[in-house]
Amino acid sequence: MPSAEFEEKAKAVSNLKTRPDDDALLKLYGLYKQATVGDNNTDKPGMFDLKGKYKWQAWKDLEGTSQEDAEQQYIAFATELIEKDN
């Protein structure tokens with residue numbers, strides 16, 4: 001179960017004044033999914049679903065990372081983005 005700090009950072013990131021770039025958003029997505037679900041065991045989206053494929057790959061790249069490690073990486077990266085936004 002995600003920590004209160006993790007939930008707090010996820011909420012803060014969704015309320016940033018400046019939208020992070022696509023690479024940062026993909027990193028956040030992958031770390032969030034790995035922290036909350038674990039390894040990606042879903043089917044890869046079809047070739048015409050580019051956004052879905054990028055998101056799927058961002059999560060798949062973290063395969064083998066523990067949920068706890070992913071949560072800590074998410075918190076650190078989110079904190080970095082939040083500090084830049086202020």
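1. A nonpolar core is a set of buried Ala, Val, Leu, Ile, Met, Phe, Trp, Tyr and Cys residues joined through side-chain atoms within 4.5 Å. Buried here means under 20% relative accessible area, exposed means over 50%, and partly exposed lies in between, with a 1.4 Å probe and protein chains only. The largest such core of this structure has 16 residues, and Val-13, Leu-28, Tyr-74 and Leu-81 touch the most other members. Helices α1 (4–14), α2 (22–36) and α4 (67–85) each supply at least two residues of the core. The largest share, seven residues, comes from α4.

2. On the basis of the note: this is a predicted model, in which local features need pLDDT of at least 70 and side-chain atom pairs count only at pLDDT 80 or more, while totals for chains, interfaces and linings use all residues. Residues are numbered from 1 along each chain as its sequence is written, and side-chain values use heavy atoms, with hydrogens and water left out.

3. On the annotated domain: the unreviewed UniProt entry carries the annotation "domain: ACB" for residues 2–86. UniProt positions are given in the numbering used here, feature names are shortened, and annotations may be inferred rather than shown by experiment. In the model, the span 2–86 is 66% helix and 0% strand, and its end C-alpha atoms lie 25 Å apart. Helices (H or I, at least four residues) and strands (E, at least two) are DSSP runs, numbered from the N terminus.

4. On Val-13: which residues does Val-13 touch, not counting residues up to four places away in sequence? They are Leu-28, Tyr-74, Ala-78 and Ile-82. Contact means heavy atoms within 4.5 Å. Leu-28 and Tyr-74 are also named among the core residues that touch the most other members.

5. On the aromatic pairs: the structure holds three of them. Rings of Phe, Tyr and Trp (its six-membered ring) pair if their centres lie within 6.5 Å; planes under 30 degrees apart count as stacked, over 60 as edge-to-face and the rest as tilted. The rings of Phe-6 and Tyr-32 have centres 5.4 Å apart and planes at 20°, so this pair is stacked. Because Phe-6 lies in helix α1 and Tyr-32 in helix α2, the pair ties together parts that are 26 residues apart in sequence. Phe-6 is buried, at 0% relative accessibility, whereas Tyr-32 is partly exposed, at 31%.

6. Phe-6 belongs to helix α1 and Tyr-74 to helix α4, so parts 68 residues apart in sequence are tied together by the pair. Tyr-74 has 4% relative accessibility and counts as buried. Ring pairs link Phe-6, Tyr-32 and Tyr-74 into a cluster.

7. On the salt bridges: a salt bridge is a side-chain nitrogen of Lys or Arg within 4 Å of a carboxyl oxygen of Asp or Glu. By this rule the count comes to two. In one, the closest N and O atoms of Arg-19 and Asp-22 are 3.4 Å apart. Arg-19 is exposed, at 59% relative accessible area, and Asp-22 is partly exposed, at 48%. In the other, the side chains of Lys-60 and Glu-63 meet at 3.5 Å, N to O. Lys-60 is partly exposed at 24%, as is Glu-63 at 42%.

8. On charges over rings: a charge sits over a ring if NZ of Lys or CZ of Arg is within 6 Å of the ring centre and within 35 degrees of the ring normal. Lys-27 lies over the face of Phe-77, at 4.2 Å from the ring centre. The charged end of Lys-33 sits over the ring of Trp-59, 4.9 Å from its centre. Lys-33 is found in helix α2 and is partly exposed, at 22% relative accessibility.

9. Not counting residues up to four places away in sequence, Gly-38 touches Lys-33, Trp-59 and Gln-67, and Lys-33 touches Gly-38 and Trp-59. From C-alpha to C-alpha, Lys-33 and Lys-60 are 9.6 Å apart in space and 27 residues apart in sequence. Gly-38 and Leu-16 are 22 residues apart in sequence and 26 Å apart in space, again C-alpha to C-alpha.
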